[in-house]
Amino acid sequence: MSIRHHDKMLIVDFGSQVTQLIARRLRESGVYCEIHPFQRAAAAFAGDAVRPKAAILSGGPASAARSECPKIPQVLLDSGIPLFGICYGQQILMEQLGGRVESGRHREFGRAYISALPDQRDDPIFDGFLESETEEVWMSHGDRVVREAPGFKIIGQSPNAPMAIVADSKRRYYGVQFHPEVHHTPNGGKLLRNFARVAGFSFDWSMSSFREEAVAHIRRYVGTSKIVCGLSGGVDSSVTALLVHEAVGSQLTCIFVDHGMLRRGEAAEVPRLFRKHYNIPVESVDSQDLFLSKLEGVEDPEAKRKIIGELFVQVFQERAKSLGNANFLAQGTLYPDVIESVSASGGPSSKIKSHHNVGGLPAKMKFRVVEPLRTLFKDEVRKLGRELGLPESFVGRHPFPGPGLAIRCPGAVTRSKLEILRQADAVFIDQIRAYGLYDEIWQAFAAILPVKSVGVMGDDRTYEFTCVLRAVTSVDGMTADYFPFQHSFLSETANRIINEVPGLNRVVYDITSKPPGTIEWE
Ligand code: XMP
């Protein structure tokens, strides 16, 4: 999807796990961006009617000191547009322009403090950045630049990175060793915004332009065909359905699949709320037996996701047939779902999980897929939801994964474990609401571990499963911290779960952040 009437920033993806955060930081400032993997960046640059006004070169896992490493397309260097290299992007910019990068000897991961060289403080890149003596930044690199390319000056440094910021102000080229796009560089957004200002951007992009463009794109792509949208009741699929509905109206039918792994009450509540709020047709399909029989005995998380993804499509295809052949399927896939499966734009980032609505889809699917949210983060989708008039009760809902409780039940999924899980989850969420904490938490749920332990209740020995509670704060699901509940909350909740939910005799609270953990258990 390309927006033609805004200044455009091209982001060249060298495979960093956080490339999309660059786009996000810039979008927050009203800059329209497109991400393209380095192999396709030349075509993207030359092929579009509106040329990018500037380009950002992302970080990446390769070493710029090796001759066979990914390169900046020559057409970008020849074009004369301003460039901003981040980490690997800085190193490869230096290498290609005649500087030198050294490998391996200067690894640096984590917080660092940089300062501006005294005679460089007036550089426009520093506006609002480095206003005090030092600025906190996030470093994550194995290589570093040891000689800047001709025409460049060092304008910022840290004890470990003498070339933390280099600039060639004539060509409007900048290179930074640290990552301005991550939250751990608190003022990094300002640096990127300053670069856009130096490059002459007008900062005129907003969520309402995204909405306009997305609707126009869906309309063009779907034409007069019918389209089905998998509705889960979460904010992503709701926003997707609203966008598609705005684009093609009554050509859309939403399908809500009860795969037997939903939370308590959801199978009845979601279609009812959706019909009532939006007046969009929703078909409810009870496929519990189909899903649960196919998942019987399956323990591997990736296998579970594949099975669930395939069955979803099977059910959608059956329903689509009965609707008079809908050829399109709309899904609420978000950027974090994509980056943890493949890189969003086809770039080279490593795989963590195949989120079911991405990696789990069968190769020979009859549908053409419409995923209008695949470049957005959750909080951006929430903004878009508000823009579309979605009630706050939907916008603020905690995310719920497509494979549902299956991935909160490590090991084989059984009906009895699912029932235990549903009950424990309901108590946990009830407690969170009672304490007024729901909106402070990004996502909270119970999981059931495949571990039995010995307990004592009354005068009897018990030998039951363990329930783990998970509650995290996050901005976009890419990184997360555990929520710091009071001990009294935790002990009251644990007591309630043990007393109210048969089949559990132990409750633990998961205090792992992401990374190194993930939010879900599978
Ligand atoms: P992780 O566990 O990867 O979760 O840290 C990040 C966010 O993504 C959700 N999630 C999924 N959503 N299909 C989905 O639709 C999936 O397979 C899937 N796996 C995780 C998770 O609930 C969290 O909000």
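Reader: Tyr 221: buried, partly exposed or exposed?
Author: Tyr 221 is partly exposed, with a relative accessible area of 31%. Buried means under 20% relative accessible area, exposed over 50%, and partly exposed in between, using a 1.4 Å probe and protein chains only.

Reader: What are the ground rules for these values?
Author: This is a predicted model, where local features need pLDDT of at least 70 and side-chain atom pairs count only at pLDDT 80 or more, while totals for chains, interfaces and linings use all residues. Residues are numbered from 1 along each chain as its sequence is written, and side-chain values use heavy atoms, with hydrogens and water left out.

Reader: How many aromatic pairs are there?
Author: The structure holds 19 aromatic pairs. Rings of Phe, Tyr and Trp (its six-membered ring) pair if their centres lie within 6.5 Å; planes under 30 degrees apart count as stacked, over 60 as edge-to-face and the rest as tilted.

Reader: What is the geometry for Tyr 174 and Phe 195?
Author: That pair is edge-to-face, with 6.4 Å centre to centre and 80° between the planes. Tyr 174 lies in strand β11 (residues 173-176) and Phe 195 in helix α5 (residues 188-198), so the pair ties together parts that are 21 residues apart in sequence. Helices (H or I, at least four residues) and strands (E, at least two) are DSSP runs, numbered from the N terminus.

Reader: Which residues form one aromatic cluster?
Author: Phe 428, Tyr 435, Tyr 482, Phe 483, Phe 485, Phe 489 and Tyr 509 form one.

Reader: Where does Arg 408 lie, and Arg 433?
Author: Arg 408 lies over the face of Phe 445, 3.8 Å from the ring centre. Arg 433 lies over the face of Tyr 438, at 3.9 Å from the ring centre. A charge sits over a ring if NZ of Lys or CZ of Arg is within 6 Å of the ring centre and within 35 degrees of the ring normal.

Reader: Now the core. Which residues touch the most other members of the largest one?
Author: Met 261, Ile 432 and Phe 485 do, in a largest nonpolar core of 92 residues. A nonpolar core is a set of buried Ala, Val, Leu, Ile, Met, Phe, Trp, Tyr and Cys residues joined through side-chain atoms within 4.5 Å. A second, separate core of 37 residues includes Met 9, Leu 26, Ala 116 and Ile 165.

Reader: What is Ile 432 in contact with?
Author: Leaving aside neighbours within four places in sequence, Ile 432 is in contact with Leu 437, Tyr 438, Ile 441, Ala 444, Phe 485 and Phe 489. Contact means heavy atoms within 4.5 Å.

Reader: And Ala 116, where does that lie?
Author: Ala 116 lies in strand β6 (residues 108-116). At 10% relative accessibility, this residue counts as buried. Its contacts beyond four places in sequence are Arg 121, Phe 126, Leu 130, Glu 133, Ile 155 and Gly 156.

Reader: Glu 380: why does that one count as buried?
Author: Glu 380 counts as buried because its relative accessibility is 5%. Glu 380 is found in helix α12 (residues 378-387). A polar contact of 2.8 Å joins the side chains of Glu 380 and Arg 27. A polar contact is a pair of N or O atoms within 3.5 Å; within protein, one must be able to donate a hydrogen and the other to accept it, and residues adjacent in sequence count only if both atoms are side-chain atoms.

Reader: What else does Glu 380 touch?
Author: Not counting residues up to four places away in sequence, Glu 380 touches Arg 24, Arg 27, Met 207 and Thr 375.

Reader: Backbone next. What is phi of Cys 87?
Author: Phi of Cys 87 is near 55°, a positive value in a residue other than glycine. Cys 87 is in the loop between β4 (83-86) and α4 (88-96).
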